[in-house]
Each structure stands twice: as structure tokens, then as C-alpha cells.
Amino acid sequence: MPAEQFHEWLRREGRIVVVGASLAGLRAAETLRAEGFTGSLTMIGDEPYEPYDRPPLSKAVLLGMSAPDRTDLPRRREIDATWRLGVAATGLDLAGHRVRLADGDEVPYDRLLIATGVRARPWPKEEEAQLDGVFTLRTRDDAVRLHRRLKAGPRRVFVIGAGFTGSEIASACRHQGIAVTVAERADAPLVGALGGVIGSVAAELHRDNGVDLRTGVMVTGLEGDSVGRVRAAHLSDGSVVDTDVVVVSLGATRNTEWLADSGLGAGPRGIACDAGCRAFDFRGIVTDDVYVAGDVARSPHALFGYQFLSLEHWGNAVAQAEVAAHNMISASADRRPHLWVPAFWSAQFGVNIKSVGVPTMGEEIMITQGSLAERRFVGVYGYRGRVIAAVSFDNTRWLEFYEGQIERGAPFPVEYPTMDRRPEGRKPVPADFPDPSLPTHGATVTLSGYSPADRRLVFTPARH
């Protein structure tokens with residue numbers, strides 16, 4: 001088949017399989033149809049539901065402002081797909097172009113998009129994790145179960161982990177007048193994502209809203225009663241917290257186990273792919289018929305030193321899915337890179353927190369607008385003399401400006417004489433991220449070295 005004819009067939013025909021009935025999977029499918037793909041499209045998902053929106057689960061759903069079954073993602077267009085829901089992918093035959101399913105079936109493909117995302121990391125002690133009253137929060141079913149228990153009026157909720165999700169859960173509990181204790185092994189909430197300077201503000205926010213915040217401690221065990229209900233949490237400082245609901249918020253695990261022995265460059269940190277979303281095999285050689293998008297992807301970014309980034313961001317999932325879908329049905333000369341600037345938001349204790357860029361790369365931070373004391377500010381992060389990220393608390397109007405500064409590689413420290421600066425923002429201070437070798441909860445960007453195949457490389461921020 002002549003090359004031109006082959007590319008036209010590639011664009012219009014064939015079989016595309018999407019593993020992951022997720023936000024990324026849905027937006028990719030819609031983009032495929034919008035750009036003229038008329039072939040067979042199969043959507044595979046391990047949950048029994050069509051794609052739904054996850055951010056409301058820890059916000060509006062727990063607050064009772066939205067029902068879990070009202071979180072379906074809006075459709076941009078019809079996708080005319082075959083849906084295989086409630087059945088997980090269990091293996092991939094790269095040479096045979098087939099996806100193996102848990103029910104024993106196999107689905108053939110000409111091109112494959114992997115958008116399997118992440119799952120909540122469970123409590124590691126399985127017997128304790130099975131106690132009645134111990135929850136995680138990632139899926140719609142998780143939200144239904146936890147919402148019911150909160151409506152029943154527990155004596156106290158105990159949250160393990162003060163990342164974004166853990167903090168949002170604590171906020172929802174306090175909004176409903178429920179006593180809540182939060183345990184975090186770092187020195188403050190959100191330090192893994194935003195550093196210690198911002199973490200100290202988050203800690204004050206928790207405590208001022210009535211949260212019993214315990215930092216610098218680990219949970220050593222969960223105790224059950226005689227009928228298998230959780231009754232207490234034991235901490236490393238020797239204290240015991242009586243509770244009848246425990247929410248485990250220890251971060252996420254990327255759904256890559258089903259790709260073991262597949263030959264792809266997949267592991268605990270995600271699936272390595274190039275800037276055009278094409279997956280690498282385990283030798284670091286790019287494939288041309290397997291693509292990756294969303295939380296499970298691990299791709300280099302030109303704006304951030306070509307670090308391989310894993311981004312747990314809603315907007316990234318959409319943008320990356322659109323790029324992957326476009327490239328799947330395009331000739332090589334027409335493909336485009338995924339260069340979305342990471343952006344993230346959270347709502348907790350009445351405060352709107354938003355960030356752009358990659359704060360976890362920041363060596364220093366300076367407050368350029370507002371005041372930490374008033375919890376209404378913008379903080380700008382610097383890395384090797386350039387602006388790398390910005391975060392705002394109830395002050396989003398400057399973030400678009402800083403997104404442009406990140407894209408241009410603007411110098412840091414910033415020098416804008418007309419800016420609303422208070423004494424605390426006149427000079428940069430260390431961003432105070434924890435030692436990257438120590439796990440923390442809540443980072444939404446993972447930096448994982450430069451090589452798609454060498455899993456030993458770990459990015460370590462410079463210290464001055």
C-alpha cells in the first residue's frame with residue numbers, strides 16, 4: 001500500500017481500543033471522531049460505569065451538594081463505541097496486537113490508547129484495611145459508601161494523610177460539624193505538593209477550622225472491636241485516637257500491573273512515552289501503535305528540563321488525551337507534542353487553592369501578591385534562576401500572568417516594581433520541600449528522571 005494511501009487508511013479506518021473508561025479515555029475517543037476516524041472504537045473499563053468526574057467526589061459529593069450518580073462527564077459528541085465495562089484488562093500482547101481481559105476474552109487492535117489512570121493506595125495491613133469503617137476515596141462507589149457513613153453521624157473521622165484529598169475530606173467533615181483528626185507524617189499538610197512555606201499556612205487553616213491536626217507522626221495500626229468495626233488508631237508517638245471512621249489518603253498507585261511482561265516501559269511510576277504520547281518499550285524504543293494519556297502517563301516536558309513528569313491533573317488528562325488521539329490518526333509530519341502547563345486546584349475550608357507549573361521543582365519561593373498571614377496571596381517558585389511555578393490562595397487573577405512567565409522561562413527572583421508586595425515577599429526563601437527520598441502525601445506531579453527505561457534515576461532539587 002503506498003504511504004499516502006496507508007496514512008489515509010490510518011486516519012479513517014482500522015480498530016482503535018482505549019483501555020480506561022476515564023476522563024482521558026472519553027476525551028480521546030471524542031477527539032478521534034471529531035478528527036474523522038470512522039473505524040471501530042472499543043472502550044474498556046474495570047468499573048461498571050461510563051466515564052465520570054472524580055474531583056467532585058471529595059468536594060461536592062461528600063458535602064451532600066451532588067449525588068455520586070450525578071457526576072457523569074458531559075459528552076462533547078457521540079463516539080459510536082463498543083463499551084466493555086466492569087471488566088479489567090489483565091494483559092497486553094504487543095506482537096499480536098491484542099488486549100487480554102479478566103473474563104478471558106481478547107480484544108484485537110490496530111492502535112491502542114492506555115488511559116488506566118491511578119487507584120487509591122490502600123492501608124497496607126490487609127486485616128486492618130478490612131475493618132468496617134475503613135475507607136479510601138477514589139471511585140464513585142467509594143464516595144457512596146463514605147457519604148452514607150458521614151450522614152450517619154460518626155463520633156470522629158480519622159484521616160490518614162494530609163495531601164489534597166485528605167485535606168478536602170477533613171474540610172467536608174468540618175463543614176458538616178463532624179469531629180476530625182488528621183495524621184500526617186510530614187511537618188504540615190500539602191508539603192509534598194507545595195513545600196513547607198505553604199504547608200505552614202495549610203496547617204493553620206486546618207487548626208483554625210477545628211481539625212485535630214497531628215503532624216510528624218505515623219499511624220502504626222488500626223484497632224477493631226469484637227465485631228470487626230474500627231474503634232481506634234494508634235500513632236507512632238504513643239497516642240491513641242478513638243474513632244469509628246478512618247479514611248486512608250496515602251496517595252495513588254498507577255494502574256500498570258496488567259502490563260507486566262508486555263514489553264512496554266511500564267512500572268510503578270507510570271508508562272514512559274514521548275512528547276507525542278507514543279509509549280516506549282522496555283528498551284527505550286518508541287512504539288508507533290501504542291499511546292498513553294492521563295495520570296498513568298510519564299512523559300518529558302520541554303518547559304521543565306525534559307524531566308519525565310507524571311501529572312495527576314484533570315486538565316492534563318484532557319489535553320494529553322486530545323494530543324494522543326490526534327497523533328494516533330496522523331502522519332508523522334502532522335503530529336504535535338503535548339506541552340500543556342500543569343495546573344491544579346483544590347477547595348478546602350472555604351479557600352480556593354490553585355497552582356500552575358511544577359511547584360515540586362521549586363528551590364525557592366517568594367510571595368509576590370497578598371499576605372501569608374491573611375491566607376490570600378500568590379507565591380512564585382524558582383528553579384535554577386527561572387520561574388517554574390506559582391500557587392495562589394484565594395487570589396487566582398495573577399495565575400494566567402505567571403503561566404506566561406513559566407512558558408517564557410522568565411528570570412527568578414521576579415522583579416516587578418508595580419506588584420503588590422509586602423515585606424514578607426521582598427526576597428525569596430527556601431521552598432522547604434521534604435527530602436525527596438521520604439514519602440509524603442499529596443504531590444500531584446512526580447519527577448522521575450530523564451530516561452524512559454532507567455527506573456533508578458530520581459530527581460533531587462538542588463539545595464543552597
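**Ground rules.** I am working with a predicted model, in which local features need a pLDDT of at least 70 and side-chain atom pairs count only at pLDDT 80 or more, while totals for chains, interfaces and linings use all residues. Residues are numbered from 1 along each chain as its sequence is written, and side-chain values use heavy atoms, with hydrogens and water left out.

**Confidence.** I looked up the pLDDT (the predictor's confidence in each residue, from 0 to 100) and found that the protein chain averages 89, with 89% of the residues scoring at least 70. Over residues 448-464 the pLDDT is below 50, although this stretch has 46 contacts in the model beyond near neighbours in sequence (contact means heavy atoms within 4.5 Å).

**The sheet of 6 strands.** For the elements I used DSSP runs, numbered from the N terminus, with helices being H or I of at least four residues and strands E of at least two; two strands pair if DSSP finds at least two bridges between them. I traced an open sheet of 6 strands with mixed pairing, in the order β3-β2-β1-β7-β21-β20. Because β3 (82-85) and β20 (278-280) stand at the edges with a single partner strand each, one side of each is left without a neighbour in the sheet. The twist averages 30° from one strand to the next, where axes are lines fitted to C-alpha atoms, for helices over the stretch in contact, and angles run from 0 to 180 degrees between N-to-C directions. Strand β2 (residues 40-45) pairs with β3 in the parallel sense over 4 bridges, and I noted that G45 has L85 in β3 as its bridge partner. Helix α2 (residues 23-34) packs on this sheet and touches β1 (15-19), β2 and β7 (111-114), its direction making about 175° with that of β2. I also found helix α8 (residues 314-328) lying across β1, β7 and β21 (286-292), where it runs at about 140° to β21.

**The sheet of 3 strands.** I then followed an open sheet with antiparallel pairing and the order β4-β5-β6, in which the twist averages 25° from one strand to the next. β4 pairs with strand β5 (residues 98-101) over 4 bridges, and the bridge partner of L92 in β5 is V99.

**Helix α4.** Helix α4 (residues 140-151) has 12 residues and reaches 16 Å from its first C-alpha to its last, close to the 16 Å expected (1.5 Å times one less than its number of residues). Which residues of α4 are buried? With buried meaning under 20% relative accessible area (1.4 Å probe, protein chains only), I listed R140, D142, A143, L146, H147 and L150. Seen down the axis of α4, these buried residues fall within an arc of 145°, so they line one face of the helix; the arc is that of the directions from the helix axis to the C-beta atoms. Their cover includes β9 (134-135), β10 (157-160), α5 (164-175) and β16 (245-248). Just after α4, I noted that G153 takes a positive phi of about 80°.

**Strand β28.** All 8 of the 8 residues of β28 (residues 386-393) are buried, so this strand is largely enclosed by the rest of the structure. β28 pairs in the antiparallel sense with β25 (residues 351-357) over 5 bridges, where K354 stands opposite S392. β28 also pairs in the antiparallel sense with β27 (residues 376-383) over 7 bridges, and here G382 has V387 as its bridge partner. β27 and β28 form a hairpin with 2 residues between them, and R384 in the turn has a positive phi of about 50°.

How values were computed. Buried < 20%, exposed > 50% of the residue type's maximum accessible area, 1.4 Å probe, protein only.
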